[in-house]
Amino acid sequence: MSAPRQPWAIKRWDVYAPHYDRWVAFERQRRRSLALADLQPGERVLLDGCGTGLDLPLVPPGLEIDAVDLSTGMLALARCRAAGLNARVQVMDAQSLRFPAHTFDCVVLHLIVAIVPDPLQCLREAVRVLKPGGRVVLFDKFFHGPGKPRLIRRLLNPFLKLAATDLNVPLPRLAAEAGLVIVHEEPAWLRGMFRVVRLEPKTRSSASAE
Ligand SMILES: C[S@@+](CC[C@H](N)C(=O)[O-])C[C@H]1O[C@@H](n2cnc3c(N)ncnc32)[C@H](O)[C@@H]1O
């Protein structure tokens, strides 16, 4: 399936790249998400939509890392962070990954699902590239309530989407459609608007629940 065309959606990140690390840190939340991933030595991990690579120094040693993003500006900084690590950094669309099925033990989705034009396709691709026994960890903002988002969120959303991010991605529904089960979820920032989540492919989670 071809990914939606998105010239401004990518260009803006080239524009933001030189300033990104001054605005965004979230080290505590990144560490918590990576702890939930329970990464083991020798495993292969995908930093999907890796940006400037803020996660790279936080990944435990002894892992094989692939880091992908569509913005060459962001990736230039990620390449500096990857120096000396067992990490490959590549230009790639999170909605159509150029990895074979069953490649990774863990896919890390930090601040990417609410950014891509097609979050469901991004989640489906994460599922496709997971090995059996693999898991997804996610740190992002999304709408998780029943009903509709509050009026203020609906009014702000078109502007925020144009600038950077969607506030109202319905993660629980999209995860289920992508074949993922949320096995752990916790508030991470802004009264739980940002959350840290561990997800696993449905077959394994439902089998272990039986
Ligand atoms: C908010 S930043 C998050 C970066 C990083 N994951 C972090 O936690 O700091 C969003 C990133 O998604 C990237 N991005 C947007 N659309 C993408 C796509 N379709 N495929 C891959 N990366 C994409 C942007 O270039 C940007 O680097």
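Strands, like the one that opens this tour, are DSSP runs of at least two residues, numbered from the N terminus. The model in the viewer is a predicted one.

**Stop 1: Aspartate 105**

Select aspartate 105, which is found in strand E4, residues 104–110. Is this residue buried or exposed? Its relative accessibility is 12%, and buried means under 20%, so aspartate 105 counts as buried.

Next, display the surroundings of aspartate 105. Leaving aside neighbours within four places in sequence, aspartate 105 is in contact with Glu43, Arg44, Leu130, Lys131, Gly134 and Arg135. A polar atom of the aspartate 105 side chain lies 2.7 Å from the backbone nitrogen of arginine 44. The side chain of aspartate 105 also makes a polar contact, at 3.3 Å, with the side chain of lysine 131.

**Stop 2**

Glutamate 64 is partly exposed, with a relative accessible area of 27%.

Arg44, Glu64, Asp66 and Arg88 are linked in a network of salt bridges.

**Stop 3**

How many salt bridges are counted in the structure? The count comes to 15. For another example, select arginine 81 and aspartate 21, whose side chains meet in a salt bridge of 2.9 Å, N to O. Arginine 81 lies in helix H3 (residues 72–82) and aspartate 21 in helix H1 (residues 7–23), so the pair ties together parts that are 60 residues apart in sequence. Arginine 81 counts as partly exposed at 29% relative accessibility, and aspartate 21 counts as partly exposed at 31%.

**Stop 3: Aromatic rings**

The structure holds 9 aromatic pairs. Select phenylalanine 26 and phenylalanine 139 and look at the angle between their rings. The ring centres are 5.0 Å apart and the planes stand at 65°, so the pair is edge-to-face. This pair also links distant parts of the chain: phenylalanine 26 is in the loop between H1 and helix H2 (27–37), while phenylalanine 139 is in strand E5 (residues 130–141), 113 residues apart. Both phenylalanine 26 and phenylalanine 139 are buried.

Move to phenylalanine 99 and phenylalanine 104. These residues form an aromatic pair that is edge-to-face, with 4.9 Å from centre to centre and 90° between the planes. Phenylalanine 99 and phenylalanine 104 are both buried.

Then select Trp13, Tyr16, Tyr20 and Trp23, which form one aromatic cluster.

**Stop 4: Two positive phi angles**

Return to phenylalanine 26 and inspect its backbone. Although phenylalanine 26 is not a glycine, it has a positive phi of about 55°. Compare histidine 102, a residue other than glycine whose phi is also positive, near 60°. Histidine 102 is in the loop between strand E3 (87–91) and E4.

**Stop 5: Proline 149 and helix H5**

Select proline 149, in the loop between E5 and H5. At 12% relative accessibility, proline 149 counts as buried. Leaving aside neighbours within four places in sequence, proline 149 is in contact with Phe143, Arg154 and Asn168. For a sense of scale, select aspartate 93 too: the C-alpha atoms of proline 149 and aspartate 93 are separated by 28 Å, and the two residues are 56 apart along the chain.

Finally, show the surface and select Ile152, Leu156 and Leu160. Together they make a nonpolar surface patch of about 240 Å². Leucine 160 has its place in helix H5, residues 151–163. Leucine 160 is partly exposed, with a relative accessible area of 32%.

Methods. Residues numbered from 1 in each chain as written. Predicted model: local features only at pLDDT ≥ 70, side-chain atom pairs only at ≥ 80, totals over all residues. Heavy atoms only, no water. Patch = residues over 30% accessible without salt bridge, like charges linked within 9 Å, V, L, I, M, F, W, Y side chains within 5 Å. Areas by Shrake-Rupley, 256 points an atom, 1.4 Å probe, with all protein chains shown as cover. Salt bridge = Lys/Arg side-chain N within 4 Å of Asp/Glu carboxyl O. Helix = DSSP H or I, 4+ residues; strand = E, 2+ residues; numbered from the N terminus. Buried < 20%, exposed > 50% of the residue type's maximum accessible area, 1.4 Å probe, protein only. Polar contact = N/O pair within 3.5 Å; in protein donor to acceptor, adjacent residues only side chain to side chain. Contact = heavy atoms within 4.5 Å. Phe/Tyr/Trp six-rings, centres within 6.5 Å; stacked < 30°, edge-to-face > 60°.
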